[in-house]
Amino acid sequence: MVEKRTPGVTMLAALALSFALALSTGALGQWSDDAASNFVLADRTGEQVQPKIVATCDGGAYVSWFDNATGGYDVYLQRLDGHGFEAWPHNGVLIADRSFSSTQDYDLTVDSAGYAVIVYRDDRLGGVQVGANRVAPDGTLVWGAGGVVLTNTAQFIGNIYVAATTTGDAIVGWSQNNDIALQKLNPAGVPQWPAGGLLLPGALWPLRAQ
C-alpha cells in the first residue's frame, strides 16, 4: 500500500530534520576533526609543555600545562565544556608563578565534587616544596593564589602525584630524597596527617618484593 503524504507535513519534517542537523553541527563546538588544525588552548610567547587532561562528569575536561612565556615554567589550567569550548579566558588560569628553568612531572585529577586538584613542585617560598591547589569549575582557586604547601624541607622533592577519594579528600604522594611521603588534604586544603606527611623510608621498599 502506498502511503499518502501531505505536502505541508513533508515540508515540516524536512525543516525539522534540517534544524536538527544544524544543531548537531553546532554541538561539535571547537573540537576539530582535522589533525593538521587542532584546537589551540595556549599560544602565548615561549613554550607550553607537558599538558595533562582529565575528564569531567559533564563531558568536558580540565587541561593543565607548564607555560614559559614570562620566564620560569608556570602552572596553568583550563576547563573545556562538553562541546569543546573554553570555559575560562583563553590561555587559561595561572595556578603557580614559578621560576624553574626546566621541568619535572606533576599531576592533575578531578575530585568527587567536579573540582580540579593539581599538584606540582613549588619554588615560590624558597627551596623546592610540594604545592597543591583546588580549582572550582568557574576557575576560582579554592585554596588561594598561593595554594597549599605540603612540605618544609631542604631535601629533594619530585615525582608528585594525586588521587581523589570518594569522600572529597585528596591523597598526595611524592618522593623525598630516597623516601616516599603521603599527605591527605580535605576539601578546604587542610592537611589531615602530620606536618610534612607520612614518611615511608626508602629502605623498607625492597621488603615489598619478598
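From the N terminus on, the elements of the chain follow the order α-β-β-β-β-β-β-β-β-β-β-β-β. The secondary structure therefore comes to one helix and 12 strands, where helices (H or I, at least four residues) and strands (E, at least two) are DSSP runs numbered from the N terminus. The model is a predicted one, in which local features need pLDDT of at least 70 and side-chain atom pairs count only at pLDDT 80 or more, while totals for chains, interfaces and linings use all residues. Residues are numbered from 1 along each chain as its sequence is written, and side-chain values use heavy atoms, with hydrogens and water left out.

The mean pLDDT (the predictor's confidence in each residue, from 0 to 100) of the chain is 86, and 82% of its residues reach 70 or more. Over residues 1-27 the pLDDT is below 50, and beyond near neighbours in sequence this stretch has two contacts in the model; a contact means heavy atoms within 4.5 Å. Of the contacts in the chain with a separation of 6 or more, 40% are accounted for by residues 24 or more positions apart.

The chain has 210 residues, and buried residues make up 39% of them. Here buried means under 20% relative accessible area, exposed means over 50%, and partly exposed lies in between (1.4 Å probe, protein chains only). The accessible surface of the chain comes to about 11,600 Å², of which 59% belongs to carbon and sulfur atoms; such areas come from the Shrake-Rupley method with a 1.4 Å probe, and for residues only the protein chains shown count as cover.

Strands of a sheet pair through backbone hydrogen bonds, either parallel or antiparallel. In this model, four strands form an open sheet in the order 1-2-3-4, with antiparallel pairing; two strands pair if DSSP finds at least two bridges between them. Strand 1 (48-55) and strand 4 (93-96) stand at the edges with a single partner strand each, so one side of each is left without a neighbour in the sheet. On average, neighbouring strands of this sheet are turned by 25 degrees against each other, direction ignored. For this angle, axes are lines fitted to C-alpha atoms (for helices over the stretch in contact), and angles run from 0 to 180 degrees between N-to-C directions.

Strand 1 and strand 2 run antiparallel and are joined by six bridges. Within this pair, Q48 has D67 of strand 2 as its bridge partner. The two strands form a hairpin with five residues between them, and G59 in the turn has a positive phi of about 90 degrees.

Strand 2 (residues 61-67) also pairs with strand 3 (residues 74-80), in the antiparallel sense and over seven bridges. Y62 has R79 as its bridge partner in strand 3, and F66 stands opposite V75 in that strand. This pair likewise forms a hairpin, with six residues between the strands; G71 in its turn has a positive phi of about 90 degrees.

Strand 2 is mostly covered, as seven of its seven residues are buried. A61, V63, W65 and D67 point one way from the strand, whereas Y62, S64 and F66 point the other way.

**Salt bridges**

A search of the whole structure finds six salt bridges, a salt bridge being a side-chain nitrogen of Lys or Arg within 4 Å of a carboxyl oxygen of Asp or Glu. The table includes three of them.

| Pair | Closest N to O distance |
|---|---|
| R44 and D67 | 3.2 Å |
| K52 and D105 | 3.0 Å |

R44 forms a salt bridge with D67. R44 lies in the loop between helix 1 (7-26) and strand 1 and D67 lies in strand 2, so the pair ties together parts that are 23 residues apart in sequence. R44 is partly exposed, with a relative accessible area of 27%, whereas D67 is buried, at 0%.

K52 forms a salt bridge with D105. Since K52 lies in strand 1 and D105 in the loop between strand 4 and strand 5 (107-110), this pair ties together parts that are 53 residues apart in sequence. K52 counts as partly exposed at 23% relative accessibility, and D105 counts as partly exposed at 28%.

R79 counts as buried at 16% relative accessibility, while D58 is partly exposed, with a relative accessible area of 47%.
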